Amino acid sequence: MRLRGVEIEKAVRRMGLADTYKDRHWDRAVKVTDNAVQKAEPEWLERLLAALLAVGEPTHPMRYGFEVALRRLASAPGGAERTARVRALAAEGRAWGGDLRYSLPEVAEWLACAQPAEHLLAMFDDAEASDELAACLLQETALRHDAASAAGFAGRLRDAGHPLANLPLRPVGAERHLGLPRHPGPAEPWRPPGEGAPEAPGAPGLDIGMAAVDWPDARQALSAYRNWPPGADALEAGLFRLDRPLAPTDFGASLLRLLPAASTGATTTGVRRATAVDVLRTLFGGAASGGAYGPRMHGAYARKASWESLAALADVQETDPAAIERGADRCTWLFYGSDWHLRVVPPLDVGIAALRPDRRTVAVLAVTDSD
């Protein structure tokens with residue numbers, strides 16, 4: 001749908017007719033987005049965004065239209081110039097709209113899903129360490145492609161002490177199986193944790209002593225879920241010491257049902273074997289999605305948080321993802337569910353248990369949420 005410049009002026013004017021749903025022109029104001037913005041071509045969207053930024057006191061329909069137009073522009077494949085333009089418009093919009101709902105990490109995710117690698121990489125040549133969208137886009141790009149050519153920008157981020165600066169510029173091991181959406185093509189569909197993995201009933205008639213122990217890294221273990229609803233009824237991270245070593249083959253439902261954890265016990269069901277790849281994918285998904293109502297971390301900060309959680313669960317002190325994955329591969333992993341989980345929306349129920357290499361320490365991480 002190609003619209004002319006004068007129609008952009010008309011669209012902006014109509015968006016300004018109302019600011020709340022109580023105004024009698026509300027329907028006319030918000031329908032501009034449904035009837036024009038949702039169908040327009042990228043060139044018109046870019047001009048509309050620039051016109052909206054010139055409005056000193058934007059109404060709610062203007063802010064809504066701006067967000068939709070920005071996402072559509074970021075998601076429309078184009079040249080390196082479009083990627084740069086989206087970057088600039090997104091930053092200006094954050095200063096313009098006051099309560100715009102999109103975040104710069106979110107815009108970085110839009111771009112990485114829709115634009116080819118060469119157009120993304122071109123953005124880092126002149127990016128400064130203060131450019132948060134570029135810092136997030138670097139991680140989104142590294143997860144999907146090879147961003148080694150952006151080593152100069154990564155160095156500027158390290159010099160500035162940016163929290164994302166030390167992550168690798170290529171996918172590491174398990175990250176190749178995250179199923180991220182990328183240009184071209186959609187993301188892989190969500191799969192239940194442990195789907196297709198063998199059940200893990202554990203040793204029958206298991207008789208073993210255990211006790212909860214202090215876990216200084218419990219908060220780090222929950223890094224991937226720090227934006228989920230807080231509280232003991234929604235999040236649990238616990239560490240337990242067995243009175244004797246347990247064979248990895250005996251680690252299963254029978255052991256989890258004996259653990260003095262809120263999320264385990266007699267109602268524990270669906271216990272399946274998992275791998276470090278499975279666990280990282282689950283942690284990353286939880287961090288990126290943000291639970292039922294967010295806020296989401298999106299790919300860049302989800303990458304950092306999921307490795308932090310995996311390191312705490314596996315008791316790895318290094319921060320290098322490759323070292324964390326090696327340590328996680330030495331653990332025995334389970335996925336589980338129980339009546340502690342709300343069981344409203346399947347992706348929002350997570351139960352992870354790790355038998356560490358000493359075979360006497362079990363770490364548990366459980367989260368739940370509802371829509």
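Let's start with helix H3, residues 42-53: its 12 residues span 17 Å from first C-alpha to last, close to the 16 Å expected at 1.5 Å a residue. That expected span is 1.5 Å times one less than the number of residues. Helices here are DSSP runs of H or I with at least four residues, strands are E runs of at least two, and both are numbered from the N terminus. Keep in mind that this is a predicted model, where local features need pLDDT of at least 70 and side-chain atom pairs count only at pLDDT 80 or more, while totals for chains, interfaces and linings use all residues. Residues are numbered from 1 along each chain as its sequence is written, and side-chain values use heavy atoms, leaving out hydrogens and water.

Which residues of H3 are buried? They are Trp44, Leu45, Leu48, Leu49, Leu52 and Leu53, where buried means under 20% relative accessible area, exposed over 50% and partly exposed in between, with a 1.4 Å probe and protein chains only.

H3 has a partner in helix H5 (residues 80-96), and their axes come within 10 Å and cross at roughly 25°. Axes are lines fitted to C-alpha atoms, for helices over the stretch in contact, with angles from 0 to 180 degrees between N-to-C directions. H3 and H5 are therefore roughly parallel, given that angles under 35 degrees count as roughly parallel, over 145 as roughly antiparallel, 65 to 115 as roughly perpendicular and the rest as oblique.

Beyond its neighbours within four places in sequence, threonine 83 is in contact (heavy atoms within 4.5 Å) with Leu111, Gln115, His119, Leu120 and Met123.

Another helix pair is H6 (residues 104-114) and H8 (residues 132-144), packed at about 40° with axes 8 Å apart. That angle makes H6 oblique to H8. H6 passes H8 in a right-handed crossing, and the contact residues include Leu104, Val107 and Leu111 of H6 along with Leu133, Cys136 and Leu137 of H8.

Now for the strands. All six of the six residues in E5 (residues 350-355) are buried, so this strand is largely enclosed by the rest of the structure. Val350, Ile352 and Ala354 cover one side, with Gly351, Ala353 and Leu355 on the other. E5 runs antiparallel to E4 (residues 332-337), joined by four bridges; strands pair if DSSP finds at least two bridges between them. On its other pairing, E5 meets E6 (residues 361-367) in the antiparallel sense over six bridges.

E5 and E6 form a hairpin with five residues between them, and arginine 359 in the turn has a positive phi of about 65°.

Finally, look at valine 364 in E6, buried with a relative accessible area of 0%. Its contacts beyond four places in sequence include Trp215, Phe240, Ser263, Tyr336 and Ile352. Valine 364 and serine 263 are 101 residues apart in sequence but 8.7 Å apart in space, C-alpha to C-alpha.

Technical notes
A crossing is left-handed if the near helix is turned anticlockwise from the far one by less than a right angle, and right-handed if clockwise.
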